[in-house]
Amino acid sequence: MMIDATLSPARVIQGFSDALAAAEAYAGATAPNPPVGCVVLDAAGETLAVAAHQRAGQAHAEAAALAACRERGAAARVDTLLVTLEPCNHHGRTPPCVEAILASPARTVWIAVRDPNLAVAGGGAARLKAAGLEVRFLSDLAHPEASDLVRRARRLIAPFALWAREGRPWLTIKQAINRQGDMIPPPGASTFTSETSLTLAHDLRRRADAIITGSGTVLADAPAFTVRRTPDPRPFARRLAILDRRRRTPGDYIAAAEGRGFRVSLHDALPSLVSELAADGVLEALVECGPTLLASVLETGLWDEHVVIRQAARAGEADHVERFARTADQA
């Protein structure tokens with residue numbers, strides 16, 4: 001089979017950027033599956049379709065993108081697929097993505113990251129190669145933006161990768177700190193961060209399958225914990241897990257939270273809570289709590305990412321966001 005390798009590095013980069021954006025729009029909605037995006041190009045590099053896996057049980061990104069090509073009458077022009085995660089080669093709720101690709105005229109498949117599930121890693125790429133397709137990896141592309149996109153793709157599936165390897169959810173800690181190094185908003189205010197930082201906080205909340213907080217936070221602020229500043233495509237109820245060994249959480253707060261669509265539960269300790277969330281299929285949990293519980297969570301070593309939003313030194317300036325990882329590369 002003749003392989004057309006004329007697709008420019010810049011076009012590959014743009015395609016992967018589009019595929020990642022499509023997948024990121026559904027981060028938090030696909031559990032227990034990872035979010036995945038796919039872009040289909042013709043031989044000239046023109047985009048034929050962009051699609052993402054939207055929820056478990058629905059078409060995977062590759063199948064959805066190829067179906068979109070058929071609907072638009074462009075199936076015969078399919079030449080190259082750019083996929084954020086190695087196409088699957090096993091049957092689950094849906095047929096293997098590899099079969100959908102092999103049923104198309106595709107000649108080349110670009111992959112951002114390999115499947116992190118050790119039981120199936122490499123199987124999709126190997127089958128495509130065995131069928132005569134050219135399989136290329138983003139990490140091998142000579143372009144200054146390639147490594148950043150690979151890191152972005154790895155972070156996108158990091159909760160799924162951790163769950164597949166260790167059987168536990170990814171814990172992200174969100175912490176906002178004012179100019180004095182305090183987490184408590186001034187009297188009469190609910191926050192001290194900028195509009196951009198508030199949107200970031202809601203993005204973090206959107207991608208989480210569960211929110212972890214403490215009874216102290218509930219008693220002090222009665223937070224809603226809803227996603228308000230960004231679209232939330234989640235098709236199922238989010239967990240609200242409250243660490244409350246003394247059972248101080250008011251019943252009316254629990255009832256109100258359930259009315260907002262949460263599945264509320266009370267817990268005595270973080271380690272047992274993490275085990276329960278894993279058994280429930282939670283891929284990522286966001287910790288939103290006060291300074292005492294936050295310090296305790298950091299001490300456990302069970303967290304994976306710590307996002308710190310520092311209030312700008314002067315009004316009108318952008319807040320400073322720092323991200324700390326417990327390990328160098330969870331994906």
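Visitor: Which residue in strand 8 stands opposite Ile-212?
Guide: Ala-241 does. Strands here are DSSP runs of E, at least two residues long, and helices are runs of H or I, at least four long, both numbered from the N terminus.

Visitor: What kind of model is this, and how are residues numbered?
Guide: The model is predicted, so local features need pLDDT of at least 70 and side-chain atom pairs count only at pLDDT 80 or more, while totals for chains, interfaces and linings use all residues. Residues are numbered from 1 along each chain as its sequence is written, and side-chain values use heavy atoms, with hydrogens and water left out.

Visitor: Back to the strands. In what sense do strand 7 and strand 8 pair?
Guide: Strand 7 pairs with strand 8 (residues 239-243) in the parallel sense, over five bridges. Pairing requires that DSSP finds at least two bridges between the strands.

Visitor: How many residues of strand 7 are buried?
Guide: Five of the five residues in strand 7 (residues 210-214) are buried. Buried means under 20% relative accessible area, exposed means over 50%, and partly exposed is in between, using a 1.4 Å probe and protein chains only.

Visitor: Which residues are on which side of strand 7?
Guide: Ala-210, Ile-212 and Gly-214 are on one side, with Ile-211 and Thr-213 on the other.

Visitor: Now helices. Which residues of helix 9 are buried?
Guide: In helix 9 (residues 270-279) they are Leu-270, Leu-273, Val-274, Leu-277 and Ala-278. They line one face of the helix, because seen down the axis they fall within an arc of 140°. That arc is taken from the directions from the helix axis to the C-beta atoms.

Visitor: Why would residues a few places apart point the same way?
Guide: An α-helix has 3.6 residues a turn, so residues three or four places apart point the same way.

Visitor: What comes just after helix 9?
Guide: Gly-281, which takes a positive phi of about 80°.

Visitor: And Thr-196, buried or exposed?
Guide: Thr-196 is exposed, with a relative accessible area of 63%. Thr-196 is found in helix 6 (residues 195-206).

Visitor: How far is Thr-196 from Asp-319?
Guide: Their C-alpha atoms are separated by 8.1 Å, although the two are 123 residues apart along the chain.

Visitor: Over which ring does the charged end of Arg-260 sit?
Guide: Over the ring of Tyr-253, 5.7 Å from its centre. To count, CZ of Arg or NZ of Lys must be within 6 Å of the ring centre and within 35 degrees of the ring normal.
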